[in-house]
Amino acid sequence: MVKGKSMSKVAVRNPDATRQNILQVAFEEILLKGYQGLRVDEVLKQTGFTKGAFYHHFKSKKELGHAVIDEVLKPWIHERWIEPLKQVKDPINDLIKMMNDSRAEINIKELHTGCPLNNLTHEMSPLDESFRVRIVAIWEIWYEALAETFERGQEAGIIRKDVNPHNIARFLIATIEGIIGQCKCYMSDQAFDEAGKCLQEYVKTLRA
């Protein structure tokens, strides 16, 4: 990455690119160190931007944190989980495929740093209401999309009528995140894969 004066010129010419660059670096720093471990000076060091460029886009570290949630984390969850759920025809087979595809895309570094949404949930929800409200909004979008997927499955005769789509959605998301969190602690791919197989077997029991 180009540093120094040339980067400042880029910031002037393309403010949108500057903002996105700062947000992406901040997102990665939060993933590794948590929001409380995020340092604006480190973000500036990695991007090569000046403090003036930073404060042109963000009034404070807190505003940067909010923007990371709204502009990076939320679209990431949409792309990885929400949009694919809209295309699901068979909730059993398609969800299992989504799990396998997601696992194949996750490298060891991502697996051992945990889910950014879950990380922020545990770190910031008890500490700051403005963070909690933004975080819970993302959980709700994911939850509703998954519940609707199971409802469509029931209407198509694929999912058992005796299961509650909303309850199952809550349970599956909590299980997925629990598996990822456990893997982060164990630093073990084996823990992730063993639990993932059990989750897939459970999903199969929902078939009508």
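The exercises below concern salt bridges in a predicted model.

**Exercise 1.** Determine which residue forms a salt bridge with Asp 128, and where the two partners lie.

Solution. Start from the definition: a side-chain nitrogen of Lys or Arg must be within 4 Å of a carboxyl oxygen of Asp or Glu. For Asp 128 the partner is Lys 62, with the closest N and O atoms 3.2 Å apart.

**Exercise 2.** Classify Asp 128 and Lys 62 as buried, partly exposed or exposed.

Solution. Buried means under 20% relative accessible area, and exposed means over 50%. Asp 128 has 15% relative accessibility, so Asp 128 counts as buried. Lys 62 has 37%, so Lys 62 counts as partly exposed.

**Exercise 3.** Work out which parts of the chain the salt bridge between Arg 134 and Asp 70 ties together.

Solution. The side chains meet at 3.1 Å, N to O. Arg 134 lies in helix H9 and Asp 70 in helix H5, so the bridge ties together parts 64 residues apart in sequence. Arg 134 is partly exposed at 28% relative accessibility, and Asp 70 is partly exposed at 34%.

**Exercise 4.** Find the sequence separation of Glu 129 and Arg 132.

Solution. Glu 129 and Arg 132 form a salt bridge, with the closest N and O atoms 2.7 Å apart. Both residues lie in helix H9, 3 residues apart, or about one turn of the helix. Glu 129 is partly exposed at 46% relative accessibility, and Arg 132 is partly exposed at 31%.

Terms used. Residues are numbered from 1 along each chain as its sequence is written. This is a predicted model: local features need pLDDT of at least 70, side-chain atom pairs count only at pLDDT 80 or more; totals for chains, interfaces and linings use all residues. Side-chain values use heavy atoms; hydrogens and water are left out. Helices (H or I, at least four residues) and strands (E, at least two) are DSSP runs, numbered from the N terminus. Buried means under 20% relative accessible area, exposed over 50%, partly exposed in between (1.4 Å probe, protein chains only).
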